Amino acid sequence: MTQPTTYGGRPPIVVPGAPTPELRIARFRRHARRMIWPALILIAVAGAVGYYYGNLPAPLEDWMLLTAAAVVVVFLVLLPFLSWWSHVYTITTRRVLERWGVFGVRRRELSHVRGYTVQERRGLIQRMWGAGTLTLSNGVDESLRMTNIPSVALVHEALVDQVEVNQILAHRDAQAIPPMPPAPSAA
């Protein structure tokens, strides 16, 4: 008898003891609301450069305006954007990964099999934007704090489901597979 390969779009059933493939469930960054100020600054700098280019008073020149605009854009727009863009959370079927860093990339991971608690905290502004902070703690390692996560309730539910599924699969794989009964002889 063979096992069915799929049940209504679910992933194929894995035979006990066989390694399961690691699939990506979600990849997300912190909420993009912290990009509002850099976007407004970029618009203001572009407007100011467009207005003042060629209209500066006598001691100032256009290259000074462009240099000042470039410095403002690099420090108040580009660096905050790179900081936001480089901090990525990934949830797979086996673990939670946190990767951050612009020039030197660092990462942390927390395995679902070991189990952990998920604590959700939402401030007033976070509730207005549908975001929140999740703290994952397994009691051994340092807690993994995921701040300003968009759709925090959905991410919380996905994490709890993955811990439960991985615990069930680990328990199932730890059980001894019973020996097959001897084949009946044709006599």
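Which residue stands opposite Q119 in β6?

A: Q119 stands opposite T135 in β6. A word on the source first: this is a predicted model, where local features need pLDDT of at least 70 and side-chain atom pairs count only at pLDDT 80 or more, while totals for chains, interfaces and linings use all residues. Residues are numbered from 1 along each chain as its sequence is written, and side-chain values use heavy atoms, with hydrogens and water left out.

Now the strands. Helices (H or I, at least four residues) and strands (E, at least two) are DSSP runs, numbered from the N terminus. Strand β6 covers residues 131-137 and pairs with β5 in the antiparallel sense, over five bridges. Two strands pair if DSSP finds at least two bridges between them. Strands of a sheet pair through backbone hydrogen bonds, either parallel or antiparallel.

The sheet is open and has three strands, in the order β5-β6-β7, with antiparallel pairing. Its edge strands are β5 (117-121) and β7 (144-150), and each pairs on one side only. On average, neighbouring strands of this sheet are turned by 25 degrees against each other, direction ignored.

A helix lies across this sheet. Helix α4 (residues 152-174) lies across β5, β6 and β7. Its angle to β6 is about 25 degrees. Axes are lines fitted to C-alpha atoms, for helices over the stretch in contact, and angles run from 0 to 180 degrees between N-to-C directions.

Next comes the core. The largest nonpolar core has 16 residues. Such a core is a set of buried Ala, Val, Leu, Ile, Met, Phe, Trp, Tyr and Cys residues joined through side-chain atoms within 4.5 Å. Buried means under 20% relative accessible area, exposed over 50%, and partly exposed in between (1.4 Å probe, protein chains only). Y116, L136, M146, V155 and L159 touch the most other members. β2, β6, β7 and α4 each supply at least two residues of this core. The most come from α4, with four residues.

Look at V155. Leaving aside neighbours within four places in sequence, V155 is in contact (heavy atoms within 4.5 Å) with F28, I91, L134, M146, I149 and P150.

β2 belongs to another set of pairings. Strand β2 (residues 88-92) pairs with strand β3 (residues 95-100) in the antiparallel sense over four bridges. Here V88 has R99 as its bridge partner in β3. These two strands, β2 and β3, form a hairpin with two residues between them. β3 also pairs with strand β4 (residues 106-111), again antiparallel, over six bridges. R95 stands opposite S111 in β4. The hairpin of β3 and β4 has five residues between its strands. In that turn, G101 has a positive phi of about 125 degrees.

One more residue is worth a stop. W84 is found in helix α2. W84 counts as buried because its relative accessibility is 12%. Beyond its neighbours within four places in sequence, W84 is in contact with R29, R30, H31, A32, R34 and M35. W84 and A32 are 52 residues apart in sequence, yet 7.9 Å apart in space, C-alpha to C-alpha.
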